[in-house]
Amino acid sequence: MLKFVVRRLLMLVPILIGLSALLFAWLRALPGGPAVALLGERATPESIARVEELYGLNEPWYVQYGRYLSNAVQFDFGNSTRTNRPVTEEMARTFPATFELALAALILAIGIGIPLGYLAARHYGRWLDNMSVTGSLLGVAIPVFFLAYILKYVFAVRLGWFPTQGRQDPRMDAEHPTGMYVLDGLLTGNLDASWDALMHLVLPALALGSIPLAIIVRITRASVLDVVHEDYVRTAEAKGLWERTITRRHVLRNALLPVVTVVGLQAGLLFSGAILTETVFAFDGVGRFVAEAISNRDYAVLQGFILVIAVLYVVINLLVDVSYGLIDPRVRVR
Amino acid sequence: MTNDPTRPLLAVRDLGVSFTRKGAPDVRAVDGVSFDVSPGQTVGLVGESGSGKSVTSLAVMGLLPRRNVRVDGRVIFDDDDLLTLPRERMRDIRGRDMAMVFQDPMTSLNPVVPIGVQVTEVIERHQQLSGDAADKAAAELLDRVGIPDPTRRLREYPHQLSGGMRQRALIAMALACRPRLLIADEPTTALDVTIQAQILELLKELVHDSGAALIMITHDLGVVAGLCDTVHVMYSGRVVEGAQRRELFARPRHPYTGGLLASVPRLDAARGTPLHPIPGSPTDVLAWPSGCAFAPRCHHRVDACTDGPPPLENIGGRSLRCVNPLPTTEEVPA
């Protein structure tokens, strides 16, 4: 198992090199070069030369790439051209926020999706099944930003059950050692702050989790429907085992294999998918920051963030593969 | 529990199974099947694919799906009609008093659960054993079915065992609680020929040692010849002939039984002797209500065969469903 994890971690190296090269090439391929991209089309040759001097853009590409790589390895992605603060500092601020949001969305999606999918399969063809199939179709079909607006309008604006935007009431006197506000409140013993942050999370997490939730319901349902007809479930029945033993040990353990794969893929997508949700709820996370960086041509930010999101994606995939190996012994031997 | 040797352990009376589907006519898979199994007796149910022999066994075990299936008749086991027993009572009986070995050991074991757990779970369910005691009992069981190094095998997963080993493990699970009735549904069909004989030998020995009754379901008359006391031949969902094994093999009266016996290739026949297949295929059946289902393939057919369903008659300890049986003197063509 350890060998398997190490091997998968080593695979990160070529992925990262390939990705960084792509990012690097992309930036150089911008019309007129990065300096023009930064200054706009009406920049004077003098100002272009000054910017190229400043960012080392007049050196040969391999020197630039080498420097870029060595900086990236040291976690130095330069400064944001917009806020003029180090990209890593922006990451430290926004990543915990999005991580918290994505985690909440994932917990919602898994916590509701798997039981609902299982129940739908067990009530195959009856109203609960039909409801969940229709509901999950809606969940996939409704655009996230639209759902986000509806949730915000109904539950925050109209009913006033939840706050409309942000991550925490600005009047809240709270410390943030980790940047994940719910956790911060628990760590500092400020339960009010935790609760407030949690209430701020509910609607964005619902919006962000809607697609993974819908997909998890469908995959779980289909998978359980397959597994209950397997011969080994009949063997378990023939042994006279309790129904809950059969469900847990023989049906769910097998049925969850494809669900794990889907959860992994969706978990990776949550980071990039957070752009819309974070924008609607003015949630100060990665998505919103990257969206602003795009419209402001903040290439240092984009380069750094894309690289880190890609690494996250690969790490999540590794976690999925490891958990797959934990559930399915047949994967372990290979 | 009384030990009256004249009273059967299992009495199947007029068993019928219909598969129902909305908008389609019911399919009568089993109809009017009756037979007895005395304690310690070995009974063979013989027939080709689709003859209803497996469905009969699943009905006895209460393992048919509840939806879209209608079961009628009676299955008396220990004075209880299993067909009307509450589901939880049936769970207590399955695995403890009656157990089943299935056809395909590749798919009948849960791939993601260690063999040991799959053996101990039935012990823990029905006997007051758990933990080390259950593990020890499981190791003894594996040893008894001829699996070498049982303590190591208990920790292994099904994919690490050969087909023969897996079938041995399934037999161990079935016999774990010393059931009084074992149903073996084509237990050797999916195995290599060399392993088939070993598994049959093992079953014979274990059944003999434990005093359990055995219902052997097979399409292979060779299996029946070496094992069963009584044989019932099924065709298209009904018993067409039933007799003591010797009697049946020596003097088959139903043309289908005769055909089955004649179609077994003989190693001692002269070179070039043609095989004697039964003409047609099992799909060339007549619906029983309009006559004998075997009539379209029968070389002994008379007009009366298609006048109506032939009744099952009892002639000198033999049950026979045929209006024009083979004469008692007719030699079986070799």
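How far apart are the end C-alpha atoms of residues 133-155 of chain A, and how much of the span is helix? The ends lie 24 Å apart, and the span is 91% helix and 0% strand. This is a predicted model.

**Where the chains meet**
- Chain A brings 26 residues to the contact, and chain B brings 31 residues.
- Between them, chain A and chain B bury about 2,400 Å². Carbon and sulfur atoms give 53% of that area.
- On the chain A side, the residues that lose the most area to chain B are A:R234, A:A238 and A:K239. Together they account for 24% of what that side buries.

**Charged and polar links**
- The two chains, A and B, are joined by 6 salt bridges.
- One salt bridge pairs A:E237 with B:R94. Their closest N and O atoms are 3.5 Å apart.
- There are also 20 residue pairs in polar contact between chain A and chain B, counting pairs with both residues at pLDDT 80 or more.

**Helices on the chain A side**
- Three helices of chain A each supply at least two residues of the side that touches chain B: α11 (231-238), α12 (243-280) and α15 (329-333).
- The largest share comes from α12(A), with 8 residues.
- By type, the residues on this side of chain A divide into 10 nonpolar, 5 polar and 11 charged.

**What the record lists for chain A**
- An unreviewed UniProt entry lists "domain: ABC transmembrane type-1" for residues 95-324 of chain A.
- In the model, residues 95-324 of chain A are 80% helix and 0% strand. The end C-alpha atoms of that span lie 27 Å apart.
- The unreviewed entry also lists "transmembrane region" for several spans of chain A, among them 9-29, 133-155, 197-217 and 255-276.
- Residues 197-217 of chain A are 100% helix and 0% strand. Here the end C-alpha atoms are 28 Å apart.

**Confidence in chain B**
- Chain B has an average pLDDT of 86, and 96% of its residues score at least 70.
- Among the elements of chain B, strand β6 (residues 98-101) has the highest mean pLDDT, 93.
- Strand β11 (residues 313-315) of chain B has the lowest, 84.

How values were computed
Residues numbered from 1 in each chain as written. Chains lettered and ligands numbered in written order. Predicted model: local features only at pLDDT ≥ 70, side-chain atom pairs only at ≥ 80, totals over all residues. Heavy atoms only, no water. Contact = heavy atoms within 4.5 Å. Buried area = accessible area lost by both parts, 1.4 Å probe. Salt bridge = Lys/Arg side-chain N within 4 Å of Asp/Glu carboxyl O. Polar contact = N/O pair within 3.5 Å; in protein donor to acceptor, adjacent residues only side chain to side chain. Helix = DSSP H or I, 4+ residues; strand = E, 2+ residues; numbered from the N terminus. Nonpolar A, V, L, I, M, F, W, Y, C, P; charged D, E, K, R; others polar. UniProt positions renumbered as here; feature names shortened; annotations may be inferred. pLDDT = per-residue confidence, 0-100.
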